[in-house]
Amino acid sequence: MTALSEPAARAVPATGAVGRSIPRPDAEAKVRGAAVYTVDLAEAGMLHAAVLRAELSAARITRLDTSAAAGLPGVHAVVTGADAPALSGMLVVKDQTVFAIDTVRYAGEPIAAVAAETPEQAAAALAAIELELEPLDPVVDLDAAVAPDARLIHPGWADYAAPVDGFRSGNIAWDARLEKGTDEEWSAAFAAAHRVVSDEFRVPRQHQTPLEPHACVARYTTGRYTVHTSTQFPHSVRSRTAELLGIRPSAVRVLVPTVGGGFGGKLDAMLEPMACLLARRSGRPVRLVNSRAEELATAGPRENAVLRLRTAVDAEGRILAQEADVLTDNGANSSGETVICAGLPALALGSTYRIPLARYRTRVVYTNTAPTAAFRGVGGPYVVFAQESHLDHVARALGVDRRELRLRNVLRPGEAMVNGQALDDPILIEALESVERRAPWDRERPATPGKLRGKAVVPLTWLTNPGPGEASVSLSDDGTVLVTTAATEIGTGAIQTGVRQIVAERLGVHVDDVLVSTPDTDAAGFDNGAQGSRTTYGAGNAAGEAAGELREQILRTAADMLEAAETDLEIAGDVVQVAGSPGASVTLAAVSAAAMWSSGPLSATGRFVAQPPEFDAGCVIGGLFSTINATSSHAHAAEVEVDPDTGEVTVLTYVVAQDVGRAINPAMIVGQVNGAVAQGVGYALYEDLRIGPDGRVLDRNLETYRIPTALDVPPIDLEILENPLPTGPYGAKGVAEPPIVPVAAVLACAVSDAIGVTVTDLPLSPFAVLAALRANRR
């Protein structure tokens, strides 16, 4: 295990591509405003679209008349649910249509869409649509939604297609469980327990808030749809759009310009099916862009949740048994990844600590609210917040040091997670020792007069998304190398630096000579999208395999040209040369030309999918995520001050130890950690996408939806830990997701330490902190 405290600390050969902090080639265009995003695109004859959205969260549609709107000047198309009745859903439950048909299930649900010559004409057309709704009582609260007498949001839920049956009922879109231990073992554990501690935690929705909202430009020609869209997962948008329109996926082509942020919110089709319908109806290209209000109200935020934990421990704080009941909000349909990730809370609860007996249940619940979706660290931040806050409560109840309690329970090498899966060489202790060196637990620093000071430390095991990917690598006629992949650069640098560095290293060429194509589902094979920190791992593995095969082709061709053995040759920059005799060489451009008229163009395709780890399949019931792939180990520590008069929380120090497997580009890792911690600070202290009792989103702009600024984020002391993964490209693991997962937990635990009471709700706003202080004084 190697530690890198600074990006430049790693000594690498000057010619080596992997391990160097090379700059991103797309950075200057973005900084100068020259990058072209989807919102910048325009096509000849393009129409402007607008969407009529429901103002009520639950209602029956009793009248919908679009005839007046269709006859207005400049209006070329109006579409409704009658034009797209097909059902779809993100991989699992097929319960969504493009437009509301007969029933409105959330405020903001599309009812109709129009395309006109100007945005003003489109707005006038929306105003001319005659819509009458019969209100229904909205079901908004999670506990109320699962009550036996709750009104069903989807009365026909049993008819929706799903991969397997038995894990849904009524307002429960999916029910996943992990059960470890017999009834006798459970009774014995709780009977022997020194203490049994129970807590309930509640967390709000958090919005991804990308600078670029959802946007697309669609056209229909020669029987096919072409869609330019801001997405993280072009093949998902392709297949979901096709499913919603009732056509085959090959009828949809998706291209991705520069993406202005995603963070999980742009994995699914959202505006694209509506734009496609309008493009076909009008015969013209159609542009559709969310306003900021539409983005906040409808664009798939992180789910809100209720978590109830009960843990039995011995006198020293060792966990004997733990049970959890988790309710997560699916919203009105399964268009996001909330159902897919129903198994993750159990794994997040039981992947860092030794849990001998467990009973974890996660129910994904329908409500009359906007559908939820993936957000960086899916399922992790709120589960780890609850688990760590709960363990601090256990420590306080026993009078045990909070760090020591973690050390007594944290998993060691050779031990298994709660699902029976053995950890991949965990270095949790090393991560804890890393933050201890830089922020000693026993170090006492006096608080500012009138302030309360607290500290916390949190270890973490996290995953790398195992989804499949394919990439092709070809040698161009000028000697440069082109990587063709549907993997999407969303600002992390994973494609523009990581994948390019892997290919350059594998071939032996200059990084600057490795180019990457624009994602295009017609030109590139399937890639599972920029999600779950999988791009460098998945696309890097696929591209690295292709580069290895291309290298063999190059050397084979050059061997004939140089009349040398392949084993004696090496690629050095832009030439192939005899090792030790650089004078005997031929340029890559010449190799490309020679191959063109002999064996043909030089290119290769690589594929990768992670093999599932072994686990105890008998303990997982209904979990679509049943294992954790390519695990990594981390630790965060923080120190805060709390103003007891105002409730304001100030983060004084923040320390991170992150296991990256192998640092492909240290500078990009630093950027990802800083960005993830910033989003975690927002989740912990500020962000709360508020929903009223009627199901409507109350925050419609960035004045009321508070996100952190540069002034709110403390300096981050990062140590990069290298613990190579055998299945990762050059040992690399996922990087971007893990650093957001423990942030809310470590800050909440530090605040609880300062004020002397367990904090059970997020965010830790001044009002929430003052309320906790008042409750502690009673």
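Glycine 246, which comes just after helix α6, takes a positive phi of about 70 degrees. The model is predicted, with local features requiring pLDDT of at least 70, side-chain atom pairs counting only at pLDDT 80 or more, and totals for chains, interfaces and linings using all residues. Residues are numbered from 1 along each chain as its sequence is written, and side-chain values use heavy atoms, without hydrogens and water.

Helix α6 (residues 234–245) has 12 residues and spans 16 Å from its first C-alpha to its last, close to the expected 16 Å; the expected span is 1.5 Å times one less than the number of residues. Helices (H or I, at least four residues) and strands (E, at least two) are DSSP runs numbered from the N terminus. Because 10 of its 12 residues are buried, α6 is largely enclosed by the rest of the structure; buried denotes under 20% relative accessible area (1.4 Å probe, protein chains only). Among these buried residues are Pro234, His235, Arg238 and Leu245. The buried residues of α6 pack against β11 (224–229), β12 (252–255) and α7 (272–282), where contact means heavy atoms within 4.5 Å.

The second largest pocket holds about 450 Å³ of space. Of its 22 lining residues, Leu685, Tyr686, Arg706, Ser765 and Pro766 are the closest to its centre. A pocket is an open set of points on a 1 Å grid over the protein atoms alone, where a 1.4 Å probe fits, with protein on both sides within 12 Å along at least five of seven lines; lining residues have an atom within 4 Å of a point. Volume is the space filled by probe spheres set on the points, which are joined across faces, edges and corners. β27 (649–659) gives the largest share of the lining, three residues.

| Class in the lining | Residues |
|---|---|
| Nonpolar | 12 residues |
| Polar | three residues |

Conventions
Nonpolar A, V, L, I, M, F, W, Y, C, P; charged D, E, K, R; others polar. Buried < 20%, exposed > 50% of the residue type's maximum accessible area, 1.4 Å probe, protein only.
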